[in-house]
Amino acid sequence: MSDAEWAVVRDAMPVPGWLEGRGGQPESYCHRQMVDAVRYLVAGGITWRAMPADFPAWDRVYAFFRRWRDKGLTAEFHDRLRDRVREAAGRDVEPTAAVIDAQSVKGAASVPAATRGFDGGKKVNGRKRHIVVDTLGLLLAVMVTAASVTDRDAGRTLLARLHERHWRVTRVWADGGYTGRLIDAARDVLRIALTVVRRSDDTSGFTVLPKRWLVERTFAWLMRSRRLARDYEMRTDTSESVIRWSLSMVMSRRLARRAR
């Protein structure tokens with residue numbers, strides 16, 4: 001990270017308990033080095049044991065990553081950056097509209113059989129990333145499942161998570177995979193108007209569809225991180241954490257450019 005980007009990241013990082021007088025042992029490592037190391041792994045797609053010697057020992061970096069994942073600090077860090085990006089864009093911190101979609105990716109040999117499956121539509125054996133983004137393409141909710149899980153089934157849980165965290169969202173755009181009872185359940189239970197943006201039958205080739213292109217752009221941002229080119233993680237919550245780290249890099253760089 002540049003100094004300008006580190007200034008953005010440092011302000012968004014969760015405050016350790018020992019600094020707030022809540023007890024605990026002070027960390028013996030530099031947060032900037034740890035964050036840089038995790039970002040290097042996510043962007044470069046390396047294994048943990050291939051961490052360059054310029055960074056702290058790989059097991060210390062992994063312990064930092066694991067603690068942030070299990071304590072919810074990665075999500076807190078990501079959400080703080082998202083709030084700052086929305087404010088910088090002149091938007092309210094809490095969104096009122098979102099877009100939902102899913103992406104199937106191949107699973108590496110490290111992905112256990114219990115959390116992997118086959119997506120018959122995309123012909124992919126691995127996992128599926130279900131995400132909800134706001135109208136800026138910023139992540140609001142994420143869930144990683146086996147690729148065999150349908151969009152409708154995962155959509156119920158994902159929309160419930162979205163409503164719990166972002167209760168002001170009342171409209172969500174989706175593709176044809178989210179039709180059926182999910183629309184009624186979203187309206188009656190969550191008070192969310194799920195609108196399906198369909199592709200015209202007489203259209204051939206690539207077409208930019210209204211609203212749906214926003215979430216497709218977010219998937220393109222994720223593909224810049226080589227660790228996400230396929231799913232290498234044994235646990236689905238680790239995959240979700242890597243997705244948040246990837247998008248946190250996009251947001252921190254955007255904020256650093258604005259601060260120049």
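What follows is a short chat about strands and a helix pair in a predicted model.

Colleague: Hi! What should I know about the model and its numbering before we start?
Modeller: It is a predicted model, where local features need pLDDT of at least 70 and side-chain atom pairs count only at pLDDT 80 or more, while totals for chains, interfaces and linings use all residues. Residues are numbered from 1 along each chain as its sequence is written, and side-chain values use heavy atoms, with hydrogens and water left out.

Colleague: Thanks! Is strand β1 mostly covered or uncovered?
Modeller: Mostly covered: in β1 (residues 97–106), 9 of 10 residues are buried. Buried means under 20% relative accessible area, exposed over 50%, and partly exposed in between (1.4 Å probe, protein chains only). Strands here are DSSP runs of E with at least two residues, and helices are runs of H or I with at least four, numbered from the N terminus.

Colleague: Which strands does β1 pair with?
Modeller: β1 runs antiparallel to β3 (residues 124–133), joined by 8 bridges, and Gln 103 stands opposite Arg 129 in β3. With β5 (residues 171–174) the pairing is parallel, over 3 bridges. There, Ala 97 faces Arg 171 and Val 99 faces Trp 173. Pairing takes at least two DSSP bridges between the strands.

Colleague: And how does β5 pair with β6, parallel or antiparallel?
Modeller: Parallel, over 4 bridges, with Ala 174 opposite Val 196 in β6. The chain gets from β5 to β6 through helix α6 (residues 181–188), in a right-handed β-α-β crossover. Right-handed means that, with the strands pointing away from the viewer, the path from the first strand over the helix to the second runs clockwise.

Colleague: What does Ala 193 touch?
Modeller: Ala 193 is in strand β6 (residues 193–196). Beyond neighbours within four places in sequence, Ala 193 contacts Thr 170, Arg 171 and Val 172, contact being heavy atoms within 4.5 Å. Ala 193 is partly exposed, at a relative accessible area of 32%.

Colleague: Switching to helices, at what angle do α4 and α8 pack?
Modeller: About 35°, with the axes of α4 (residues 73–88) and α8 (residues 236–258) 9 Å apart. Axes are lines fitted to C-alpha atoms, for helices over the stretch in contact, and angles run from 0 to 180 degrees between N-to-C directions.

Colleague: Which residues meet there?
Modeller: Among them, Phe 77, Leu 81 and Val 85 in α4, and Trp 245, Met 251 and Leu 255 in α8.
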